[in-house]
Each structure stands twice: as C-alpha cells, then as structure tokens.
Amino acid sequence: MDENQKGEVSMEPEKNKSKNTGFIKRCEEYDRSQIEKIVTEGIRRLEFSAEGKVFVKPNVVFAFNTNRMGHAAYTAPPLVGAALIALSREPGIKRIDMGEKTAVGVPTRLCYKHAGYYDEVKSVRKKAGCPVKIFCMEEEKREPVFVGGKVHDVLRISKKMAKADKKVYLPKL
C-alpha cells in the first residue's frame, strides 16, 4: 500500500494474486461535487464497468433524530448522492436501484428519512443520466438465490438485488 503526496492510497494486487483492488483518496469535507469527482476518478482508475441494472447498497445501521443521535451509523448522504450521479453517467447503465435493510429492526424507510436519503435521491434524479430509484428491502418481493452454504444453501433476498447486473456497496464514512 503506497500513499502519495496528494493523500491518495493505492492498493494494487500483486501479480498472480487476487484482483481485488481499492481506491482511497483524501476528502476534507462532505461536499457532493468534490466526492463525485473522486468517485468518478475511482471508477476510471479501478476500471469499473457495468451494464444494465445496478444495485447500490449504502450502509444504514441506524438513523434517527440526528440532532440527538448524531450521524455515525449510516453512509453520508453526499457520498450516496455522488456515487449515484457518477454511476448514472456511466455508459451502459440503464437503471440504478438503491436499497438497504437496517440492522436494528427499525423500519428502513424511517432511517432513510432521518438520514436524508429521500431528499438526496430526489436531488440526484435531476442530474442523473438514468432512472434512480430508492427502496426498502424488507418491503420488496424476495427471490431465492443459491449460495451453496453448509447450513443454508438458498437465501431469499430482494428481487431487485438478485436480478441486478452489478452490485455496488457504499461504506459508512
């Protein structure tokens, strides 16, 4: 792992090892336009490509009354918006579905509301290069997917997630 003077960290795979790579770049504040540039650069440098339907999953552990509870348990809305815009402008992507199921038993739609995701997605749609939709996994139809595990070999997951041509997972930053 190397860090350069711009604060970029590149994790390139060693020859004949895993093709997993990462792209980390310093961003001093949650400015959506700055984050969008970084995400777009990451898409290019990591040679990410997708066609058709893309499923995007932010990390929403919990969001409620952010004045009292803070912003520590979900992906920041500017990162969500920047990633959705950058992905929507990629050639070949026809639709983006963003979905999640919160981890604490509170309905996801309430966490989305308190995190500001509905407003963020509404703003993104005005700039997006393809349709962008937001949904709550627990409120959608599920599709059985074979995973080949020892205990469970089939899981029932969101149909939109199961049928996506590519999946993108957003971290909690």
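**Entry 1: Glu47**

I started with Glu47, which is exposed at a relative accessible area of 69%. For the record, buried means under 20% relative accessible area, exposed means over 50%, and partly exposed is in between, with a 1.4 Å probe and protein chains only. Glu47 sits in the loop between α1 and β4 (52-57). I also looked up the backbone there: phi of Glu47 is near 55°, a positive value in a residue other than glycine.

**Entry 2: ground rules**

This is a predicted model, with local features needing pLDDT of at least 70 and side-chain atom pairs counting only at pLDDT 80 or more, while totals for chains, interfaces and linings use all residues. Numbering runs from 1 along each chain as its sequence is written, and side-chain values use heavy atoms, with hydrogens and water left out.

**Entry 3: the whole chain**

I counted six helices and nine strands in the protein chain. Both are DSSP runs numbered from the N terminus: helices are H or I with at least four residues, strands are E with at least two. The chain has 173 residues, and 37% of them count as buried. Accessible surface comes to about 10,900 Å², and 50% of that belongs to carbon and sulfur atoms. That area is from the Shrake-Rupley method with a 1.4 Å probe; for residues, only the protein chains shown count as cover.

Then contacts, meaning heavy atoms within 4.5 Å. Taking those between residues at least 6 apart in sequence, I find that 63% join residues at least 24 apart.

**Entry 4: the largest pocket**

The largest pocket holds about 830 Å³. A pocket here is an open set of points on a 1 Å grid over the protein atoms alone, where a 1.4 Å probe fits, with protein on both sides within 12 Å along at least five of seven lines; lining residues have an atom within 4 Å of a point. The volume is the space filled by probe spheres set on the points, which are joined across faces, edges and corners.

I sorted the lining by class and got 18 nonpolar, three polar and three charged residues. In this scheme Ala, Val, Leu, Ile, Met, Phe, Trp, Tyr, Cys and Pro are nonpolar, Asp, Glu, Lys and Arg are charged, and the others, Gly among them, are polar.

**Entry 5: aromatic rings**

A search of the whole structure gave me five aromatic pairs. Rings of Phe, Tyr and Trp (its six-membered ring) pair if their centres lie within 6.5 Å; planes under 30 degrees apart are stacked, over 60 edge-to-face, and the rest tilted.

One of the pairs is Phe62 with Phe64, tilted, at 6.4 Å centre to centre and 35° between the planes. Phe62 is partly exposed at 21%, and Phe64 is partly exposed at 38%.

Another is Tyr112 with Tyr117, also tilted, at 5.7 Å and 45°. Are these two buried or exposed? Tyr112 is buried at 0% relative accessible area, and Tyr117 is buried at 0% too. Ring pairs link Tyr112 and Tyr117 with Tyr74 and Tyr118 into a cluster.

**Entry 6: around α4**

I worked along from the loop between β5 (93-100) and α4 (108-115), where Pro107 is found. Val106 is in that loop as well.

Val106 is partly exposed at 23%. Leaving aside neighbours within four places in sequence, Val106 contacts Phe62 and Cys111. Val106 and Phe62 are 44 residues apart along the chain, with their C-alpha atoms separated by 7.8 Å.

Pro107 is partly exposed at 30%. With neighbours within four places left out, Pro107 touches Thr102 and Glu138. Glu138 is 31 residues away along the chain, and the C-alpha separation is 8.2 Å.

Inside helix α4 I checked Arg109, which is partly exposed at 42%. Beyond neighbours within four places, Arg109 is in contact with Tyr118, Cys136 and Glu139. C-alpha to C-alpha, Arg109 and Cys136 are 6.4 Å apart, though 27 residues separate them in sequence.

Lys113 is in helix α4 too, and it is exposed at 57%. I noted Phe64 again here: Lys113 and Phe64 are 49 residues apart in sequence and 8.4 Å apart, C-alpha to C-alpha.
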